[in-house]
Amino acid sequence: MTPAEVLQLAKEKGARQVDVRFSDIPGLQHHISYPISEFSESSFVDGFGIDGSSIRGWAAINESDMLLIPDPNTAFMDPFMETPTLVMIGDVRDPITRQNYERDPRWIAQKAELYLKNSGVGDTALFGAEAEFFIFDNIRFDQNAHSGFYFIDAEEGRWNSGRKENNLGYRPRYKEGYFPVPPTDHYQDLRAEMVNVMEGCGLVIECHHHEVASAGQCEIDQRFNTLLKSADNMTIYKYVVRNVANKAGKTVTFMPKPIFGDAGSGMHVHQSLWKGDKALFAGDGYAGLSQMALYYVGGLLKHARALSAIIAPTTNSYKRLVPGYEAPVNLAYSRRNRSAACRIPMYSASPKAKRVEFRPPDPSCNPYLGFSAMLMAGLDGILNKIEPGEPLDKDIYDLSPEEMKSVPSMPGSLEEALDCLEDDHQFLLKGDVFTEELIETFIEYKRRAEADAVRLRPHPWEFALYYDI
């Protein structure tokens with residue numbers, strides 16, 4: 001939409017507030033609202049002043065004045081606010097130079113798309129992400145100097161099968177929650193409501209279903225879009241899922257591994273490159289891939305251990321990425337093997353459907369940073385003709401110990417992933433997409449605020465293991 005069309009939309013819908021949103025480096029979305037009287041066509045040029053000093057990973061207090069420029073192409077009416085509110089995602093700029101702020105994740109995604117065009121490889125990167133989540137009825141957690149706990153409850157949780165009061169059964173068994181019909185699937189109607197609201201916000205939804213785990217694990221699949229638009233859409237997706245659940249008296253988490261002993265939540269990311277209307281990943285190679293696509297896979301696999309810090313960026317991510325539990329930790333590619341990091345979907349023979357699915361990411365990642373980093377790794381593979389090696393089409397559990405030694409794997413912890421990113425990030429600096437300063441800031445923040453913070457605290461299971469030692 002043009003600015004004029006956005007103003008017309010606001011008038012037609014009776015908007016009383018304008019809400020402009022942006023993301024911090026870890027991926028949490030923030031917002032600031034203005035009366036509609038403060039909004040005009042000049043707002044798309046002059047922007048709105050904001051204080052960036054309290055945003056994680058952003059400027060120090062002496063350089064905290066920022067401009068937030070709304071993007072008219074992201075406009076939609078908020079489906080949850082009682083006061084009619086027009087929502088837009090904004091770009092952050094320096095108020096003095098008027099240049100885009102280098103730590104704004106959305107700007108990094110825009111630069112990644114520009115780098116693709118300037119590379120001559122293609123002009124469009126399409127991304128389709130499948131973010132899984134859990135729907136709980138109650139969540140309690142706390143940590144202090146002398147205690148620490150978490151407590152999850154979900155009506156659908158298998159652990160409630162022995163409950164005495166108001167127990168009607170029909171709960172998925174652990175790791176057997178894939179595709180059951182209601183009443184075992186408790187959330188068909190709730191997901192359908194989420195889909196309806198998403199479509200009203202402009203998202204295109206392909207399907208939704210219950211996922212593998214007990215306790216309300218679900219997935220709603222969006223249609224692919226350009227890298228930037230897909231990242232924008234993921235922020236809207238999370239916003240809608242959380243708020244529809246909240247209105248129903250439920251709570252949603254995108255944590256990768258909230259339930260011990262059951263499946264974790266991933267965010268498999270489908271990717272392809274195009275030049276005009278030509279699908280560049282279709283060819284006559286393995287699984288119908290072009291040589292360019294195989295090089296792209298080669299880049300993803302070569303840099304996967306460094307990528308892990310960005311696409312699986314929490315300590316909890318490595319409770320999901322555990323070898324031997326069907327997790328996509330094996331740095332290989334396959335058209336069948338879902339334990340391989342790269343899978344080549346074979347549902348359609350159409351060249352337009354040919355794509356690569358990268359399976360290690362999880363929904364705790366910042367989509368702007370994650371999608372951009374994966375594109376940069378894939379482009380590095382293409383530009384440097386990195387061969388992906390032989391495909392891993394065997395059952396991973398049938399491989400001998402000698403064969404398994406030849407298959408590298410994802411890091412086993414956030415600390416290890418950050419070390420890998422520290423050692424291997426030159427591919428991210430190409431075209432100034434990521435900056436050295438941003439990567440240093442990201443690593444320092446993740447080490448101090450997350451990895452070290454978790455490492456320094458006693459774990460409840462340590463008491464079970466060691467209290468009587």
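A nonpolar core here is a set of buried Ala, Val, Leu, Ile, Met, Phe, Trp, Tyr and Cys residues joined through side-chain atoms within 4.5 Å, where buried means under 20% relative accessible area, exposed over 50% and partly exposed in between, with a 1.4 Å probe and protein chains only. The model is predicted, so to speak of local features takes pLDDT of at least 70, side-chain atom pairs count only at pLDDT 80 or more, and totals for chains, interfaces and linings use all residues. Residues are numbered from 1 along each chain as its sequence is written, and side-chain values use heavy atoms, leaving out hydrogens and water.

Let's start inside. The largest nonpolar core has 122 residues, and L86, F133, M194, Y237, L273, L375 and F434 have the most contacts inside it. Helix α5 (residues 227–247) gives the most to this core, eleven residues; helices (H or I, at least four residues) and strands (E, at least two) are DSSP runs, numbered from the N terminus. Another core lies apart, with eight residues, among them F134, A154, I259 and A263.

F133 deserves a visit: beyond its neighbours within four places in sequence, its contacts (heavy atoms within 4.5 Å) include M194, C218, Y237, V241 and F254.

Now to a pair of strands. β1 (residues 17–23) and β2 (residues 29–35) pair in the antiparallel sense over seven bridges; pairing requires that DSSP finds at least two bridges between two strands. S23 has Q29 in β2 as its bridge partner. The two strands form a hairpin with five residues between them, and G27 in the turn has a positive phi of about 115 degrees.

Finally, I139 lies in strand β8 (residues 138–143), and counts as partly exposed because its relative accessibility is 35%.
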